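The following paragraphs lead the reader through one protein fold, from its overall architecture to individual side-chain contacts. Please keep the sequence and the structure in view while reading.

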Amino acid sequence: MNTLSYKTISANKETAKKEWVVIDASDQIVGRLCSKVAKLLRGKYKPNFTPHVDCGDNVIIINAEKVVFSGKKETDKVYTRYTGYPGGQRFTSPAQLRTKVGGVDKMLRHAVKGMLPKGPLGRSLMGNLYIYEGSEHKHEAQKPRTIDINQYK
């Protein structure tokens, strides 16, 4: 009997096959879009997924300004940040954040970051996410493939 066939193959940085994918975020719900993006960044859709290795894809999100929230979250949801000074707690709603420069980027990054592992691996995975508010991106040299995010679970 060949015992080599029973070995578990673990991916590492050299053997991980990373791809570039483009996702069109037009009329997508923020939480559902970000959960699928987090799985792509992590590599969970790949057969050689290894929990402690960055084996996920590089994800480019275009048309980010067209994402929507379900229900009344656009006005009722609250993002909290702290300036570091006494009485420095600041609150922002998604509707207010959309009006600011880079606000949509912050909303999507906040949602994806919460769905990734905490620690050095999660921080390095966030570097594989690129968000653009328009339909143009600067990663044509990587030859990314466009995927329909609705086909993923």
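Predicted model: local features only at pLDDT ≥ 70, side-chain atom pairs only at ≥ 80, totals over all residues.

In what follows, a residue is called buried when its relative accessible area is under 20%, exposed when that area is over 50%, and partly exposed in between. With a relative accessible area of 22%, Glu-74 is therefore partly exposed.

The overall composition comes first. The protein contains five helices and six strands, and from the N terminus on these elements follow the order β-α-β-α-β-β-α-α-α-β-β. Its C-alpha atoms fill a box of roughly 65 × 40 × 30 Å along the principal axes. Of its 153 residues, 38% count as buried. Where contacts join residues at least 6 apart in sequence, 67% of them link residues at least 24 apart.

Which strands make up the open sheet, and in what order do they lie? Four strands take part, arranged as β5-β2-β1-β6 with parallel pairing. At the edges lie β5 (129-131) and β6 (145-147), each of which pairs on one side only. On average, neighbouring strands of this sheet are turned by 25° against each other, direction ignored. Strand β2, residues 58-62, pairs with β5 in the parallel sense over three bridges, and Ile-61 stands opposite Ile-131 of β5.

Helix α1, residues 30-42, packs on this sheet and touches β1 (20-24), β2, β5 and β6. The direction of α1 makes about 155° with that of β2. The helix has 13 residues and spans 18 Å from its first C-alpha to its last, close to the 18 Å expected at 1.5 Å a residue. Among its buried residues are Val-30, Leu-33, Val-37, Leu-40 and Leu-41; Lys-36 and Arg-42 are also on that list. The buried residues of α1 pack against β1, β2, β5 and β6, and also against the helices α4 (103-114) and α5 (120-126). After α1 comes Gly-43, which has a positive phi near 95°.

A separate pairing is found between β3 and β4. Strand β3 (residues 79-82) and strand β4 (residues 89-92) run antiparallel and are joined by four bridges. Within this pairing, Thr-80 stands opposite Phe-91 in β4. The hairpin of β3 and β4 has six residues between the strands, and Gly-84 takes a positive phi near 105° there.

The aromatic side chains provide another view of the fold. A pair of aromatic rings is described by the distance of the centres and the angle of the planes. The structure has two aromatic pairs. In one of them, the rings of Trp-20 and Tyr-130 have centres 5.4 Å apart and planes at 25°; because planes under 30 degrees apart count as stacked, this pair is stacked. Trp-20 belongs to strand β1 and Tyr-130 to strand β5, so that the pair links parts of the chain 110 residues apart. Tyr-130 has a relative accessible area of 24% and is partly exposed.

Charged side chains also join separate segments. The structure holds five salt bridges, and three of them are described here. Lys-18 and Asp-54 meet through their side chains with an N to O distance of 3.0 Å. Lys-18 lies in the segment before β1 and Asp-54 in the loop between α1 and β2, 36 residues apart. The relative accessibility of Lys-18 is 34%, and the residue counts as partly exposed.

In a second salt bridge, the closest N and O atoms of Arg-145 and Glu-19 are 2.9 Å apart. Arg-145 lies in strand β6 and Glu-19 in the segment before β1, so this pair ties together parts that are 126 residues apart in sequence. Both residues are partly exposed, Arg-145 at 40% relative accessibility and Glu-19 at 35%.

How values were computed. Residues numbered from 1 in each chain as written. Heavy atoms only, no water. Pairing = 2+ DSSP bridges. Helix = DSSP H or I, 4+ residues; strand = E, 2+ residues; numbered from the N terminus. Axes fitted to C-alpha atoms, helices over the stretch in contact; angles between N-to-C directions. Contact = heavy atoms within 4.5 Å. Expected span 1.5 Å × (residues − 1). Buried < 20%, exposed > 50% of the residue type's maximum accessible area, 1.4 Å probe, protein only. Phe/Tyr/Trp six-rings, centres within 6.5 Å; stacked < 30°, edge-to-face > 60°. Salt bridge = Lys/Arg side-chain N within 4 Å of Asp/Glu carboxyl O.
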